Amino acid sequence: MPGVIVTNPPRAAAEDVEALAGYGVATVGEAMGRTGLLGPGIRPVQQGVRVAGTAVTVLSWPGDNLMIHAAVEQCGEGDILVVTTTSPSTDGMFGELFATALRRRGVRGLVTGAGIRDTQELREMGFAAWSRAVSAQGTVKATGGSVNVPVALDGQVVHPGDVVVADDDGVVVVPRERARQVAEASEAREKKEAASRAAFLDGQLGLDRYGLRERLRQLGVTYQTYDEYAAGERP
């Protein structure tokens, strides 16, 4: 099937992207009902960086970065490039030269299910990247693919224009149509966690704050002194 490059797909509203950028991946994922998270195999090459942007998607042949070159032209301010391959690949499809071109266009980072290289240079230039592998293995530019089509990445379907949030904990994808709702839900969760944090600082236990003592009782969990347990007494 011939590839296709889709131009100017709709993107999530910039204000919703910026709102989501203020929350961690864990918070956003919880706000969406523990959905949208990529698996733990997609890891950052840097630490202490959080980004959010709109997805420009790439479907490439394994070991071939031709369609990344094609995708650069479709990228703009506030985007995140999301690269997948038609079958598993760990080759270093992306490096410092791509990052230079993308940063010039205002792209905020890369998420890929394949490999990247030049990781030291990426860190030094401040270009954020999340990948399944780091590999010096090079690639070719020989096979067609697609840009800005729905792609499957680590258990999630990513549509062009969806919001991608990434930090030290991983990556979460927010459907474009739900961006405002998820941003509001994330704000509410953040306020709830702030209240819990204050309570914990004041000495309250999660067992009491969340009403978990009754849950333990319902599950048959009991308390025993050390001497009772050592003596073999069981409920």
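## Chain overview and aromatic pairs

In the protein chain, 75% of the contacts with a separation of 6 or more join residues 24 or more positions apart; a contact means heavy atoms within 4.5 Å. This is a predicted model, in which local features need pLDDT of at least 70, side-chain atom pairs count only at pLDDT 80 or more, and totals for chains, interfaces and linings use all residues. Residues are numbered from 1 along each chain as its sequence is written, and side-chain values use heavy atoms, with hydrogens and water left out.

**The chain as a whole**

The protein chain has nine helices and 11 strands. These are DSSP runs numbered from the N terminus: helices are H or I with at least four residues, strands are E with at least two. The radius of gyration is 22 Å, well over the 18 Å that the globule rule gives for 235 residues, so the chain is more spread out than a compact globule. That radius is taken over C-alpha atoms, and the rule is 2.2 Å times the number of residues to the power 0.38. Along the principal axes, the C-alpha atoms fill a box of roughly 70 × 40 × 40 Å.

**Surface and charge**

Of the 235 residues, 44% are buried. Buried means under 20% relative accessible area, exposed over 50%, and partly exposed in between (1.4 Å probe, protein chains only). The chain exposes about 12,400 Å², and carbon and sulfur atoms supply 52% of it. Accessible areas come from the Shrake-Rupley method with a 1.4 Å probe; for residues, only the protein chains shown count as cover.

There are 24 positive and 29 negative side chains, and the centres of the two sets lie 2 Å apart. Lys and Arg count as positive, Asp and Glu as negative; His and the chain ends are not counted. Each charge is placed at NZ of Lys, CZ of Arg, CG of Asp or CD of Glu.

**Aromatic pairs**

The structure holds three aromatic pairs. Rings of Phe, Tyr and Trp (its six-membered ring) pair if their centres lie within 6.5 Å; planes under 30 degrees apart count as stacked, over 60 as edge-to-face and the rest as tilted.

| Pair | Centre to centre | Between planes | Type |
|---|---|---|---|
| Phe94 and Phe98 | 5.6 Å | 20 degrees | stacked |
| Phe200 and Tyr210 | 6.1 Å | 90 degrees | edge-to-face |

Phe200 lies in helix α6 (residues 179-201), and Tyr210 in the loop between α7 (206-209) and α8 (212-218), so their pair ties together parts that are 10 residues apart in sequence. Phe200 is partly exposed at 37% relative accessibility. Tyr210 is also partly exposed, at 46%.

Phe94 is buried at 2% relative accessibility. Phe98 is buried at 8%. Together with Phe127, Phe94 and Phe98 form one aromatic cluster.
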